[in-house]
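Work through the exercises below with the sequence and the model in view. Each task is followed by a solution in steps.

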Amino acid sequence: MTTYVVTIPGTLLAERTEASTETLQRALRPADPRGTRFGEEEHLEMLTFYSGSSAFSIRLEVEADDTESAEQQAREKVGAALRTAGYSQDEAPLGDAVITGITE
């Protein structure tokens with residue numbers, strides 16, 4: 001198994017509240033990439049909202065056999081975390097997952 005850091009962009013089409021942001025961060029915390037060597041070196045933030053827009057990026061760590069599996073696992077984790085925070089798939093559409101780091 002290999003540890004991948006995967007970045008997934010998205011856009012919130014529903015209102016973002018402090019409570020929903022905290023819930024989203026808690027749901028993502030187990031996959032925080034800062035625990036990886038790559039995440040520590042790059043000072044990666046798990047959740048980034050871009051100033052003046054509803055766009056965001058989520059970076060997470062997943063263990064997988066290959067990049068395709070890593071991207072799929074990341075999308076599933078992000079989707080579940082967004083649902084936990086109260087956002088439907090239509091309210092928080094996601095872009096393509098990108099492998100931004102690999103560590104063994």
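**Exercise 1.** Leaving aside its neighbours within four places in sequence, which residues is Leu12 in contact with?

Solution. The model is a predicted one. Step two is to list its partners beyond four places in sequence, which are Phe49, Ser54, Phe56, Tyr87, Glu91 and Ala92. Step three takes a C-alpha distance: Leu12 and Ala55 are 43 residues apart along the chain, yet their C-alpha atoms are separated by 6.4 Å. Step four concerns accessibility: Leu12 has a relative accessibility of 7% and therefore counts as buried, the cut-off being under 20%.

**Exercise 2.** Give the strand order of the open sheet and find its edges.

Solution. Begin with the order, which is β2-β3-β1-β4 for the four strands, with antiparallel pairing. The edge strands are β2 (47–49) and β4 (98–103); each has a single partner strand, so one side of each lacks a neighbour in the sheet. From one strand to the next, the twist averages 20°. Now take the pair β1 (residues 2–11) and β3 (residues 55–64): these strands run antiparallel and are joined by 10 bridges. Within this part of the sheet, Tyr4 stands opposite Val62 in β3.

**Exercise 3.** Describe how α1 and α3 pack on the sheet and how these helices meet.

Solution. Start with α1 (residues 18–28), which packs on the sheet and touches β2 and β3. Its direction makes about 150° with that of β2. Helix α3 (residues 67–84) also packs on the sheet, where it touches β1, β3 and β4; the direction of α3 makes about 125° with that of β3. Next compare the helix axes: those of α1 and α3 come within 8 Å and cross at roughly 145°, and the crossing is right-handed. Then list the residues: Thr23, Leu24, Ala27 and Leu28 in α1 meet Lys77, Val78, Ala81, Leu82 and Thr84 in α3. Sorted by class, this contact has six nonpolar, two polar and one charged residues.

**Exercise 4.** How many salt bridges does a search of the whole structure find, and are the residues involved buried or exposed?

Solution. The search of the whole structure finds one salt bridge. Asp32 forms a salt bridge with Arg29, and the closest N and O atoms are 2.8 Å apart. Asp32 has a relative accessible area of 13%, so Asp32 is buried. Arg29 has a relative accessible area of 40%, so Arg29 is partly exposed.

Methods. Residues numbered from 1 in each chain as written. Predicted model: local features only at pLDDT ≥ 70, side-chain atom pairs only at ≥ 80, totals over all residues. Heavy atoms only, no water. Pairing = 2+ DSSP bridges. Helix = DSSP H or I, 4+ residues; strand = E, 2+ residues; numbered from the N terminus. Axes fitted to C-alpha atoms, helices over the stretch in contact; angles between N-to-C directions. Contact = heavy atoms within 4.5 Å. Salt bridge = Lys/Arg side-chain N within 4 Å of Asp/Glu carboxyl O. Buried < 20%, exposed > 50% of the residue type's maximum accessible area, 1.4 Å probe, protein only. Left-handed = near helix turned anticlockwise from the far one by under 90°. Nonpolar A, V, L, I, M, F, W, Y, C, P; charged D, E, K, R; others polar.
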